[in-house]
Amino acid sequence: MKHMPTFSYQQKIAMMRILLDIIQADGRIDVREVFYFNKLKEELSLTDDAHKDVNKKNSLIALLQIKSFTDEQKDYFAELMANMIVVDEDIDVNEVMIYNVVRDFAGITKEFDREV
């Protein structure tokens, strides 16, 4: 994985909100998704209290914040989304749709191109 760019607290919450939406997109929450989500929480130095902020965060506002990321931040986040989609070894069409909506709206150039 690439070097992690610097993110503000609100940017981290926005990313985690979208990743949570990806987890929930297929109607099944797999333990591998939860494990990866918690691992990212640690990597981003987010506490358990931050999870409350993630749950309260509106996905559309998160999307607006992601749109204002730098290109480096967008590339990094695209990697996180792709990893979340494949971590349960099931690429669900709804998960990929969320990736594509975020990509198109936020101006992320990286296509989803993973396989299980």
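**Ground rules**

I noted that this is a predicted model, in which local features need pLDDT of at least 70 and side-chain atom pairs count only at pLDDT 80 or more, while totals for chains, interfaces and linings use all residues. Residues are numbered from 1 along each chain as its sequence is written, and side-chain values use heavy atoms, with hydrogens and water left out.

**Entry: the core**

I went on to the largest nonpolar core, which has 36 residues. Leu19, Phe77 and Met81 touch the most other members of this core. Helices α1, α2, α3, α4 (59–67), α5 and α6 each give two or more residues to the core. For my own record, a nonpolar core is a set of buried Ala, Val, Leu, Ile, Met, Phe, Trp, Tyr and Cys residues joined through side-chain atoms within 4.5 Å. Buried means under 20% relative accessible area, exposed means over 50%, and partly exposed is in between, with a 1.4 Å probe and protein chains only. The helices are DSSP runs (H or I, at least four residues), as strands are (E, at least two), numbered from the N terminus.

**Entry: helix pairs**

Two packed helices are described by the angle between their axes and the distance between the axes. The axes I used are lines fitted to C-alpha atoms, for helices over the stretch in contact, and the angles run from 0 to 180 degrees between N-to-C directions. Angles under 35 degrees count as roughly parallel, over 145 as roughly antiparallel, 65 to 115 as roughly perpendicular and the rest as oblique.

I started with α1 (residues 9–24) and α2 (residues 31–43), whose axes come within 11 Å and cross at roughly 175 degrees. The two helices are therefore roughly antiparallel to each other. On the α1 side I listed Met16, Leu19, Leu20 and Ile23, which meet Glu33, Phe37, Leu40 and Lys41 in α2. The residues of this contact divide into six nonpolar, no polar and two charged. In this sorting Ala, Val, Leu, Ile, Met, Phe, Trp, Tyr, Cys and Pro count as nonpolar, Asp, Glu, Lys and Arg as charged, and the others, Gly among them, as polar.

Next came α2 and α5, which pack at an angle of about 155 degrees with their axes 10 Å apart. That makes α2 roughly antiparallel to α5. Here Glu33, Tyr36, Phe37, Leu40 and Glu43 of α2 make the contact with Tyr76, Leu80, Asn83 and Met84 of α5. By class I have six nonpolar, one polar and two charged residues.

For α5 and α6, I found that the axes come within 10 Å and cross at roughly 170 degrees. That makes α5 roughly antiparallel to α6. Lys74, Phe77, Ala78, Met81, Ala82 and Ile85 in α5 meet Glu95, Val96, Tyr99, Val102 and Ala106 in α6. The tally is nine nonpolar, no polar and two charged.

**Entry: aromatic rings**

How many aromatic pairs are there? I have three, by the rule below. Rings of Phe, Tyr and Trp (its six-membered ring) pair if their centres lie within 6.5 Å; planes under 30 degrees apart count as stacked, over 60 as edge-to-face and the rest as tilted. Phe7 and Phe69 form a tilted pair, 5.5 Å centre to centre with 55 degrees between the planes. Phe7 lies in the segment before α1 and Phe69 in the loop between α4 and α5, so the pair ties together parts that are 62 residues apart in sequence. Both Phe7 and Phe69 are buried. Ring pairs link Phe7, Phe69 and Tyr76 into a cluster.

**Entry: after α6**

I then checked Phe112, in the segment after α6. Is Phe112 buried or exposed? It is buried, with a relative accessible area of 15%. Leaving aside neighbours within four places in sequence, Phe112 is in contact with Ala82, Ile85, Val86, Ile91, Val96 and Tyr99. Phe112 and Tyr99 are 13 residues apart in sequence and 7.4 Å apart in space, C-alpha to C-alpha.

**Entry: positive phi**

Most residues other than glycine have a negative phi. Ser45 has a positive phi of about 55 degrees, and I placed Ser45 in the loop between α2 and α3 (48–56). Ser45 is exposed, at 59% relative accessible area.

Glu89 has a positive phi of about 60 degrees and is found in the loop between α5 (71–86) and α6 (93–106). Glu89 is exposed too, at 55%. Leaving aside neighbours within four places in sequence, Glu89 is in contact with Arg32 and Val116.

Note on methods
Contact = heavy atoms within 4.5 Å.
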